[in-house]
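Subject: Structure for your review

Dear colleague,

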Amino acid sequence: MDEDGRERLERYDAFAREVRDELFATCARMEDLAGQNKVKTATYRQLFAARITLKDICRRLDEHGL
């Protein structure tokens with residue numbers, strides 16, 4: 001693999017890690033809010049929507065072996 005290919009793969013790997021880290025943090029924040037009985041707040045609903053998007057991105061990354 002040439003240098004461009006390696007750099008591109010490294011960027012994809014970094015992106016995949018960032019998405020998975022963000023999903024983990026989002027889920028943790030949602031659990032915290034749920035523990036405080038704040039599941040009807042705007043913040044919780046925004047996190048819920050973000051979680052759906054992040055899960056879909058992770059699913060697609062997994063399907064492609066990234």
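Met1, Leu9, Tyr12 and Leu66 together make up a nonpolar surface patch with about 380 Å² of accessible area. A patch here consists of residues with over 30% relative accessible area and no salt bridge, where nonpolar side chains (Val, Leu, Ile, Met, Phe, Trp, Tyr) are joined within 5 Å and like charges within 9 Å. Accessible areas were computed by the Shrake-Rupley method with a 1.4 Å probe, and for residues only the protein chains shown count as cover.

Please note that this is a predicted model, in which local features need pLDDT of at least 70 and side-chain atom pairs count only at pLDDT 80 or more, while totals for chains, interfaces and linings use all residues. Residues are numbered from 1 along each chain as its sequence is written, and side-chain values use heavy atoms, with hydrogens and water left out.

Met1 counts as exposed because its relative accessibility is 66% (exposed means over 50%, buried under 20%, and partly exposed in between, with a 1.4 Å probe and protein chains only).

I turn next to the charged residues. Side chains of opposite charge can pair when their charged atoms come close. Six salt bridges were found in a search of the whole structure, a salt bridge being a side-chain nitrogen of Lys or Arg within 4 Å of a carboxyl oxygen of Asp or Glu.

One of them pairs Arg6 with Glu3, whose closest N and O atoms are 3.0 Å apart. Both residues lie in helix α1, three residues apart, which is about one turn of the helix. Arg6 is partly exposed at 38% relative accessible area, and Glu3 is likewise partly exposed, at 46%.

A further salt bridge links Asp62 and Arg20, with 2.6 Å between the closest N and O atoms. Asp62 lies in helix α2 (residues 42–63) and Arg20 in helix α1, so this pair ties together parts that are 42 residues apart in sequence. Arg20 is partly exposed, with a relative accessible area of 30%.

Asp32 and Arg29 also form a salt bridge, their closest N and O atoms lying 3.1 Å apart. About one helical turn separates Asp32 and Arg29, because they are three residues apart in helix α1. Asp32 is partly exposed at 38%, as is Arg29 at 37%.

Yours sincerely

Technical notes. Helices (H or I, at least four residues) and strands (E, at least two) are DSSP runs, numbered from the N terminus.
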